[in-house]
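Student: I've got a chain open on my screen and I'd like to talk through how it packs. Can we take it one question at a time?

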Amino acid sequence: VIKVIDFEKELFIIAEIGGNHEGDFDYAKKLLLDAAESGANAVKFQTYRASKIVSKVENEDRWKHFQKFELTDEQFIELAKLAKENNIMFMSSVWDLESLELLDPYIEVHKIGSGDVTNYPMLEAIAKKDKPMVISTAMSTMEDIKETVAFIESVNPRLVKEKQVILLHCVAMYGDPKDEYTNLLAIKTMQENFDLPIGYSDHTNGIYAAELAFGMGIKTLEIHFTDDKTREFRDHYISITKEEMKELVEKAKRAPTILGTGEKKPVEAIETKQRIWEFRRALYFKEDAAAGTVVTKENITS
């Protein structure tokens with residue numbers, strides 16, 4: 001039975017380790033345990049093989065980078081088991097079909113990175129797994145996103161009908177995070193254009209943008225996670241620490257209560273009829289007036 005998450009009501013915060021482990025398995029485990037202690041709902045990695053995503057002939061430096069950051073199949077499976085032991089959901093963006101088959105048994109919710117919004121073979125394979133799909137949309141136009149959703153619906157209508165496809169507003173600010181790029185109001189635009197849950201994938205510094213996103217009513221957040229923002233790999237700069245995640249989780253939990261229902265009316269528990277009577281003005285004569293006096297604004301006060 002496929003687990004169904006109510007992404008419109010349930011808080012779902014993903015601690016995105018991604019490549020922040022830099023190919024060090026022990027460091028990957030340490031970051032996973034930090035994420036488990038932080039209160040995040042899920043921890044996410046990226047699973048790839050350099051030879052399957054970059055041409056060594058075309059760009060050897062880029063190929064070497066991805067090769068350096070690889071973890072083995074066995075290590076990913078061990079991470080998945082470690083996550084389960086520590087009560088945090090294991091996730092990983094799989095970048096090739098072989099990795100999908102390897103890790104699908106350990107994944108409850110599939111994450112599709114922005115680079116794969118138009119990777120239809122991968123989208124099809126994941127949609128056929130019949131599990132919730134969280135899709136980042138950096139570098140995408142509205143038309144791109146609509147085509148992607150339509151394609152997923154053609155492969156597995158249930159996912160769209162039951163709102164098990166979640167779209168994340170995202171801007172790929174790797175290496176250059178600026179407030180003016182963030183454009184959180186795009187969340188509102190996406191909410192108006194899709195009958196699906198809309199969330200946010202953060203690439204800014206700190207937690208402020210994420211706080212604002214929760215203030216806009218999102219429930220699903222992906223945010224990069226580290227224990228040291230000063231490390232050389234650029235993703236650490238746009239990551240948050242365990243302490244920041246704890247603060248963010250607490251604020252995210254408060255947000256729905258503070259946002260309320262949206263209906264404008266007195267809050268009966270505290271704005272009682274008696275209190276309203278006490279707060280509102282009443283009219284009084286400024287001076288004695290005989291019966292039959294025509295009352296004007298000049299002889300009354302509030």
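Student: Leaving aside neighbours within four places in sequence, which residues is Met245 in contact with?

Tutor: Keep in mind that this is a predicted model. Contact here means heavy atoms within 4.5 Å. With neighbours within four places set aside, the partners of Met245 are Ile13, Ala15, Ser38, Ala40, Ile223, Phe225 and Ile240.

Student: In the largest nonpolar core, which residues touch the most other members?

Tutor: Nonpolar side chains tend to be buried together in soluble globular proteins. Here the largest nonpolar core holds 63 residues. Those touching the most other members are Leu32, Phe45, Leu79, Leu167, Leu221 and Met245.

Student: How many residues are in the second, separate core?

Tutor: Among its members are Phe7, Phe12, Ile14 and Val134. The count for this second core is eleven residues.

Student: What share of the chain's residues is buried?

Tutor: Buried means under 20% relative accessible area. Out of 302 residues in the chain, the buried share comes to 45%.

Student: What radius of gyration does the chain have?

Tutor: Start with the C-alpha trace, which spans about 100 × 45 × 40 Å along its principal axes. A compact globule of 302 residues would come out near 19 Å. The chain itself has 26 Å.

Conventions
Residues numbered from 1 in each chain as written. Predicted model: local features only at pLDDT ≥ 70, side-chain atom pairs only at ≥ 80, totals over all residues. Heavy atoms only, no water. Rg over C-alpha atoms; globule rule 2.2 N^0.38 Å. Buried < 20%, exposed > 50% of the residue type's maximum accessible area, 1.4 Å probe, protein only. Core = buried A, V, L, I, M, F, W, Y, C linked by side-chain atoms within 4.5 Å.
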